[in-house]
Amino acid sequence: MTANSSHSVLFVCLGNICRSPLAEAVFRSKAQQAGISASVDSAGIINYHAGKRPDPRVLEVGQNNGYSFENSYSRQVVTADFNNFDYIFAMDTDNLEALISLRPKASPAQVGLFLSLVEHCDESEVPDPYYGGIDGFKHTLQLIEQASEALVEYLREPK
Ligand code: 4NP
């Protein structure tokens, strides 16, 4: 893999209306700014919110910080994702365990925790902000920005 190759990245959380659509929007923006070609998507472990737009608090915090959520609608993870994406990043360990149990044995995708990319991070998971206030969403955005920047740097390096 070289810095010029195209990458495919899927972000996964529980409902695909808070953390993973935010990660999709942030990473897409940072990859574009860095000139990294990447196909980016997000999905949820559950299908409860399928077809829904991101949570209004995600839209507020994200758009206030310059991120775009055009064409962002919740969908559930499908088996084909494990063949279609090079990297699948889970927001927390419950999501990661669910992904590992869904993953076909022959899948070439690298599956891991998104925050594991950030060196010296105090947190290992992007906490679920759904049941809290707007400050939780701002904190979620900060963590996702750090991890997205780390992912951009990782993908810049020839492998
Ligand atoms: P997300 O947040 O996994 O970051 O999209 C959640 C959204 C909805 C629910 C849980 C978490 N829910 O239980 O409906």
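My entries follow, grouped by topic.

**Ground rules**

I am working from a predicted model, in which local features need pLDDT of at least 70 and side-chain atom pairs count only at pLDDT 80 or more, while totals for chains, interfaces and linings use all residues. Residues are numbered from 1 along each chain as its sequence is written, and side-chain values use heavy atoms, with hydrogens and water left out.

**Entry 1: strand 1**

I began with strand 1, which spans residues 7-13. Is strand 1 covered or open? I found it mostly covered, with seven of its seven residues buried. Buried here means under 20% relative accessible area, exposed means over 50%, and partly exposed is in between, using a 1.4 Å probe and the protein chains only.

Next I sorted the side chains by direction. His7, Val9, Phe11 and Cys13 point one way, and Ser8, Leu10 and Val12 point the other way. I noted the general rule beside this: in a regular strand the side chains alternate between the two faces of the sheet.

Ser8 got a second look. It sits in strand 1 and counts as buried because its relative accessible area is 8%. The Ser8 side chain reaches the backbone oxygen of Asn84 at 3.4 Å. That is a polar contact, meaning a pair of N or O atoms within 3.5 Å; within protein, one must be able to donate a hydrogen and the other to accept it, and residues adjacent in sequence count only if both atoms are side-chain atoms.

**Entry 2: strand pairing**

Which strands does strand 1 pair with? I count two strands as paired if DSSP finds at least two bridges between them. Strand 1 pairs with strand 2 (residues 38-44) in the parallel sense over seven bridges, and Val9 has Val40 as its bridge partner there. Between these two strands the chain passes through helix 1 (residues 19-34), and this β-α-β crossover is right-handed. In other words, with the strands pointing away from the viewer, the path from the first strand over the helix to the second runs clockwise.

Strand 1 also runs parallel to strand 3 (residues 87-90), joined by four bridges. Leu10 stands opposite Ile88, and Val12 has Ala90 as its partner.

Strand 3 pairs with strand 4 in the parallel sense over four bridges, and Phe89 is partnered with Gly112.

**Entry 3: the nonpolar core**

I looked up the largest nonpolar core and found 33 residues, with Phe11, Phe27, Phe114 and Leu151 having the most contacts inside it. Such a core is a set of buried Ala, Val, Leu, Ile, Met, Phe, Trp, Tyr and Cys residues joined through side-chain atoms within 4.5 Å. The elements giving two or more residues are strand 1, helix 1, helix 2 (56-64), strand 3 and helix 5 (134-156). Helix 5 supplies the largest share, eight residues.

**Entry 4: the ligand**

Which residues surround the ligand? I listed Cys13, Leu14, Gly15, Asn16, Ile17, Cys18, Arg19, His49, Asp128, Tyr130 and Tyr131. The cut-off is a heavy atom within 4 Å.

Ligand oxygen atoms are 2.9 Å from a polar backbone atom of Leu14 and 3.2 Å from one of Asn16. Asp128 brings a polar side-chain atom to 3.3 Å from a ligand oxygen. Taken alone the ligand exposes 350 Å², and the protein buries 92% of that. Accessible areas come from the Shrake-Rupley method with a 1.4 Å probe; for residues, only the protein chains shown count as cover.

Asn71 has a positive phi of about 60 degrees although it is not a glycine. I placed Asn71 in the loop between helix 2 and helix 3 (81-84), and it counts as exposed because its relative accessibility is 66%.

His120 also has a positive phi, near 60 degrees, and is not a glycine. His120 lies in the loop between strand 4 (110-113) and helix 5, and is exposed at 77%.
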